[in-house]
Amino acid sequence: MPRGFAVRSLAPTVREETTMNDHRRLGRELDLFDTDPLMGAGLPYWLPAGAAVRHALEEYIRDAERRAGYRHVYSPVLGKRELYEISGHWSHYSEDMFPPMDLGGEQVVLRPSLCPHHALIFRSRSHSYRELPLRMAELGGMYRSELSGVLGGLTRVRAIQLNDAHIFCTLEQVAEEARAALDLIRRAYHALGIRPVRYRLSLPGPGGKYVAAPEMWRRSVALLTEVLEGAGVPYEAAEGEAAFYGPKIDVQIADSAGRESTLSTVQVDFHQPERFDLHYIGPDGAKHRPVMVHRSIIGSVERAVAHLIELHGGAFPAWLAPVQVVAVPVSEAEAPAAAELVRRCLDLGLRAELAGPEHGTLGARIRGARLVPYQAVIGPREAADGQVALRLRDGRRLAAMPAGEALSRIQAVVAARRTELWEEALAVSPASAG
């Protein structure tokens, strides 16, 4: 029996206590991720169920970015120390970086950020003003030398998969690009069922390690303030929370214990375009300096999945669920029909599994799969007529319908990345269904 259908106590579909939904406990209980001391602290690995959630999330992000005009790149996770000296990371951030490694007479480091690599990619080709804004995106690895005492589950790790993007644009395009990035974040939160607790304008604070360029900071703060006020979202200014090279809009979330953290960001950067001598050719034929807008829709994949585990208690929206459909034959006689249904699901791109009679009683199998969005129960009548009786995860039951129609409707909900499981008009309550 797949472990997802083991008859055991799972997290409640409706959360009872916030402490019940600690993502570390649920991650292990639901076989999403784990750690091993031989791999090292802060270096979790993903089990098949967790990998399915992560893959669905990454697919969504890449698709949303493509639709918004982003072009995806890949860049290496290593870089010469000199690269980060130029970017400013080495002088402002080296205590959070892994030590340099000697390689062929040069020093290389595991990158703590993707932006220097993207700056070099932009610099590698000549660009006209007609190409701007140029939106460059990557789901890439980066590494932070976090202290052992602050590591925990997926929220604080040393190897991070970051949903990162950098927009190279003119000064006149900055506000619109930042607004569009904020809109992407809002739409992603709707699809994921996430509600931010607040928006924060993160500013430099006294005594911090910040780039010394007062005019640059003034312009950046003014632009982000304009974006926040134009978006009509309430926000709070917070000193000491800016990046070393510029201010940022931080979208704040809270975990099951009420602890707040940043998930998504939009940042304006005049610093790195200057450090890397980036330019584009303007309509006057002269070189001009672009502005760099840093933008992350969901931040790190690890932190995003940790939040989603706690938010949904393991009962993910159908498009994110590790298993989307479980076929449940009433008896051994219906097992071939259930197996055929699973095959049809897989052909349609749905994640499906079979929970046959060898795994326990009908009731036990249904309870064991209660976090799966759709349970397709197949009895003698359904098997004979090519139908299924769907049970939705929220307890609703649907009248028996042709298997093709059921799968088509499920596929439509998944493709639309909706948080709802079904159209209300088609659902029958458990009481009325008998």
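Reply: Start with a term. A charge sits over a ring if NZ of Lys or CZ of Arg is within 6 Å of the ring centre and within 35 degrees of the ring normal. Keep in mind that this is a predicted model.

R417 meets that test with W319. R417 lies over the face of W319, 5.7 Å from the ring centre. R295 does likewise with Y70, lying over its face at 4.8 Å from the ring centre.

Now take rings against rings. The structure has four aromatic pairs. One of them is F122 with F168: the ring centres are 4.4 Å apart and the planes meet at 15°, so this pair is stacked. Planes under 30 degrees apart count as stacked. Where do F122 and F168 lie? F122 belongs to helix α5, residues 115-123, and F168 to strand β8, so the pair ties together parts 46 residues apart in sequence.

Another pair joins Y374 and W422. This one is edge-to-face, with 6.3 Å from centre to centre and 65° between the planes. Y374 sits in strand β18, residues 374-378. W422 sits in the loop between α13 (403-415) and α14 (430-433). The pair therefore ties together parts that are 48 residues apart in sequence. Y374 is buried, with a relative accessible area of 0%. W422 is buried as well, with 3%.

Strand β8 leads on to the largest pocket. β8 (159-169) supplies at least two residues of the pocket lining, and so do α4 (89-93), β11 (248-254), β12 (260-269) and β15 (291-296). The volume of the largest pocket is about 1,200 Å³. Its lining has 44 residues, and the closest to the centre are Y93, M142, R144, K248 and Q267. Which element gives the most to the lining? That is β12, with five residues. By type, the lining divides into 16 nonpolar, 16 polar and 12 charged residues.

Next, the cysteines. A disulfide is a covalent bond between the sulfur atoms of two cysteines. How many disulfides does the structure hold? The count is zero. Take C169. Its closest cysteine sulfur is in C115, 15 Å away, which is too far for a bond. C169 counts as buried, at 0% relative accessibility. C345 is buried, with a relative accessible area of 1%.

Last, the backbone. Most residues other than glycine have a negative phi, and most peptide bonds are trans. Here a cis peptide bond joins L132 and P133, with omega about 0°. P133 is placed in the loop between α5 and β7 (134-143).

Two aspartates have a positive phi. D31 has a phi of about 55° although it is not a glycine. D31 lies in the loop between α1 (23-29) and β1 (33-34), and it is buried, with a relative accessible area of 11%. D277 also has a positive phi, near 55°. D277 is found in the loop between α8 (271-275) and β13 (280-281). D277 is partly exposed, with a relative accessible area of 46%.

Key: Residues are numbered from 1 along each chain as its sequence is written. This is a predicted model: local features need pLDDT of at least 70, side-chain atom pairs count only at pLDDT 80 or more; totals for chains, interfaces and linings use all residues. Side-chain values use heavy atoms; hydrogens and water are left out. On a 1 Å grid over the protein atoms alone, a cavity is a set of points where a 1.4 Å probe fits but cannot get out, and a pocket is an open set with protein on both sides within 12 Å along at least five of seven lines; lining residues have an atom within 4 Å of a point. Grid points are joined across faces, edges and corners, and a volume is the space filled by probe spheres set on the points. Helices (H or I, at least four residues) and strands (E, at least two) are DSSP runs, numbered from the N terminus. Ala, Val, Leu, Ile, Met, Phe, Trp, Tyr, Cys and Pro count as nonpolar, Asp, Glu, Lys and Arg as charged, and the others, Gly among them, as polar. Rings of Phe, Tyr and Trp (its six-membered ring) pair if their centres lie within 6.5 Å; planes under 30 degrees apart count as stacked, over 60 as edge-to-face and the rest as tilted. Buried means under 20% relative accessible area, exposed over 50%, partly exposed in between (1.4 Å probe, protein chains only). A disulfide is a pair of cysteine sulfur atoms within 2.5 Å.
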